Amino acid sequence: MLLCALLAFLWGGVASAQTVGAHTTYPTAVDPRLEEAAPRPAPPSAVQPSAAQPSVEPTPPSDAEDATARPSDHPLAVGLEVPPVPEGFKTHDGGWIHFAYQPSSRARVETLKLAADKAREELREMLGQNVLERVHVRVGRTVTEMETLAPEGAGYPKYASGVAYSEIGLVLLTEQPRYPGERHDLVQIFRHELAHVALHDAVGHRNVPRWFNEGFAVHASGEAVTDRMQTLWTATLAGNLLPLADLAQRFPADATDASIAYAQAADVVRYLLRSHESYRFRALIERLRTGQDFEAALSDAYATDLSNLEYEWREDVARRYTFWPVLFSGSMVWMGALGLFVWGWRKRQKRNRKILARWAVEEAREDARRAEMANRPVHIVLARPSEGMPLPPGERISRPDIPKIEHDGNWHTLH
Ligand SMILES: [Zn+2]
């Protein structure tokens, strides 16, 4: 059973190595495969949840390769204002956070209310800043409705399930997934978008590299942990980890590389935030807040440069994922196969012993029966049918003088 589970996982890992990026669905807040943002047309004056899909949007230039661009779920909102709460929406004022949602979404929004304070506390601890002083959260029932909640004139991501307009502290969410059956953890998406807003607050609304921005949001949200582990594991085995210098200069557009880039970015942030170095992360944020260039701030805060940081991170990744290659290496599989063979052989031996014992009992019984039959007396009878002796069933006496023997209930003719 264990071996089967291991083999199944191994097969899953191999399969994912072939398809990662093509079908993976993380991160939940934004699809890394399709990174584009489009200027959004002005929303209708009233919310129309059942309205048809919006008319064709202008085709924007892809920013997938621009490492300085903001993540698509984090569009610029400079000079914009939070739109008024749509008619018919319920509201909840949680002090620092204000929710607006359709009455039918109340149950889902309750989970967000419960998660909000903890998420803010964790983000403040990580960033070392009093972030998220005022946040507006608008929850649409569908992506179509979510789009109507965006500020007029703001960019709007084409494929995201959540949007963060950090400059105005606005987060948009959709209760239903964009695609049927798609993984859609609303709390994780909420945490992802809050993380974008929090980081933006923490660095004083300055730009940070895209990998760092998205990596922080993915890590802080805790989304798609298993998928990211599997992507990193397969990328480590295949030697496909991306150089950090490349990531800092150019965010990959290719689907597979984009998946690796997101997993890698989140893991580098995890590494930067590791418990005994978390004070350095807060120092990095403080330096960024004062306007220091990202690489210089990183070097100063961690007393290393990007290439050394990458070297250390790769060593850390190798240590963390050594367990997986060893566990699923060929020798381990063969050891498992050997164990399975021994288990099967012993089971077969046990079954054979049972069969032999049964045969011995049956043989002894047969011997006893034969011995009993051998000891029975043999009756030889010379008689005519007319003298009253019973004939063997179905037999006619054509030669009445031939003697017959009765033995063990059967008649035999003597010749
Ligand atoms: Zn994001």
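Predicted model: local features only at pLDDT ≥ 70, side-chain atom pairs only at ≥ 80, totals over all residues.
Local features need pLDDT of at least 70 and side-chain atom pairs pLDDT 80 or more, while totals for chains, interfaces and linings use all residues. Residues are numbered from 1 along each chain as its sequence is written.

The protein has 12 helices and 10 strands. These are DSSP runs numbered from the N terminus: helices are H or I with at least four residues, strands E with at least two. Of its 415 residues, 33% count as buried (20 or more other C-beta atoms within 10 Å of the residue's own, C-beta atoms being placed from the backbone).

Take α6 (residues 225-238) and α8 (residues 255-272). Their axes come within 9 Å and cross at roughly 105°. Axes are lines fitted to C-alpha atoms over the stretch in contact, and angles run from 0 to 180 degrees between N-to-C directions. The two helices are therefore roughly perpendicular (65 to 115 degrees). On the α6 side, Arg228, Thr231, Leu232 and Ala235 make the contact; their partners in α8 include Ile260, Ala263 and Asp267. Contact means C-beta atoms, placed from the backbone, within 7 Å.

Now α9 (residues 278-289). Its 12 residues should span 16 Å at 1.5 Å a residue, and its end C-alpha atoms are 17 Å apart, which agrees. The expected span is 1.5 Å times one less than the number of residues. Phe281, Leu284, Ile285 and Leu288 are its buried residues. They cover an arc of only 95° around the axis, so they sit on the same side of α9. The arc is taken over directions from the helix axis to the C-beta atoms. These buried residues pack against α2, α4, α8 and α10. Gly291 follows α9, with a positive phi near 100°.

Technical notes:
Parallel < 35°, antiparallel > 145°, perpendicular 65-115°, else oblique. Contact = placed C-beta atoms within 7 Å. Buried ≥ 20, exposed ≤ 12 C-beta atoms within 10 Å, placed from the backbone.
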